[in-house]
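Let's walk through this structure together, from one residue out to the whole chain and back in again. Have your viewer ready and follow along as we go.

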Amino acid sequence: MNLILTIHFAATWALVGLIWVVQVIIYPQFHRVHGEGFTPYHFAHCFRIGLVVAPLLFVEAVTAAWIVYHGCDLSFLLSVCLIPLIWLSTALLQAPLHLKLMRGFDAARCHRLNRTNWVRTIAWTARGVLVSLSVLQTPSA
């Protein structure tokens, strides 16, 4: 397996693991922080998760583009088609909810955030599986 594919595989699976932690641990915990403590808690979450996610998204996107440009199999190409879905879900669903939650706790918005995040959770998990299939089909150098 070449180096770029290995880096892509690692970034994708790091994001898969991270999105599952967000889905089953972090977002449900928002309901436990009420009152004045929620706003700083939520802001800290958004800032810190961004420090982890942004570099991984960058590596995932750049290595995906490199691999597609240099030729890839169908599994990998299908996995890349899920990236716009993940980014659109973030931009149109999760980010606006986070912006509204910056003003304070809202149980309905927290619930919607957790519910709509399943789009990203399922898409990234599917990406991980498809990238893994591509890795298995790639001859060793």
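**A walk along the helices**

With a relative accessibility of 45%, Arg115 counts as partly exposed, the class between buried (under 20% relative accessible area) and exposed (over 50%), judged with a 1.4 Å probe and protein chains only. What you are looking at is a predicted model, in which local features need pLDDT of at least 70 and side-chain atom pairs count only at pLDDT 80 or more, while totals for chains, interfaces and linings use all residues. Residues are numbered from 1 along each chain as its sequence is written, and side-chain values use heavy atoms, with hydrogens and water left out.

Arg115 sits in helix H4, which spans residues 107-116.

Is Thr116 buried or exposed? Thr116 is buried, at a relative accessible area of 12%. Beyond its neighbours within four places in sequence, Thr116 has contacts (heavy atoms within 4.5 Å) with Ser89, Leu93, Gln94 and Leu97.

Now turn to helix H2, residues 38-69, where you will find Thr63. Thr63 is buried too, with a relative accessible area of 8%. Setting aside residues up to four places away in sequence, Thr63 touches Ile4, Ile7 and His8. From Thr63 to Thr90 there are 27 residues in sequence and 20 Å in space, C-alpha to C-alpha.

Zooming out, the chain has 5 helices and 0 strands, taken as DSSP runs (H or I of at least four residues for helices, E of at least two for strands) numbered from the N terminus. Its C-alpha atoms fill a box of roughly 55 × 20 × 20 Å along the principal axes. Of its 141 residues, 36% count as buried. Among contacts between residues at least 6 apart in sequence, 79% join residues at least 24 apart.

Finally, the charges: the mean positions of the 9 positive and 4 negative ones are 7 Å apart. Lys and Arg count as positive and Asp and Glu as negative, leaving out His and the chain ends, and each charge is placed at NZ of Lys, CZ of Arg, CG of Asp or CD of Glu.
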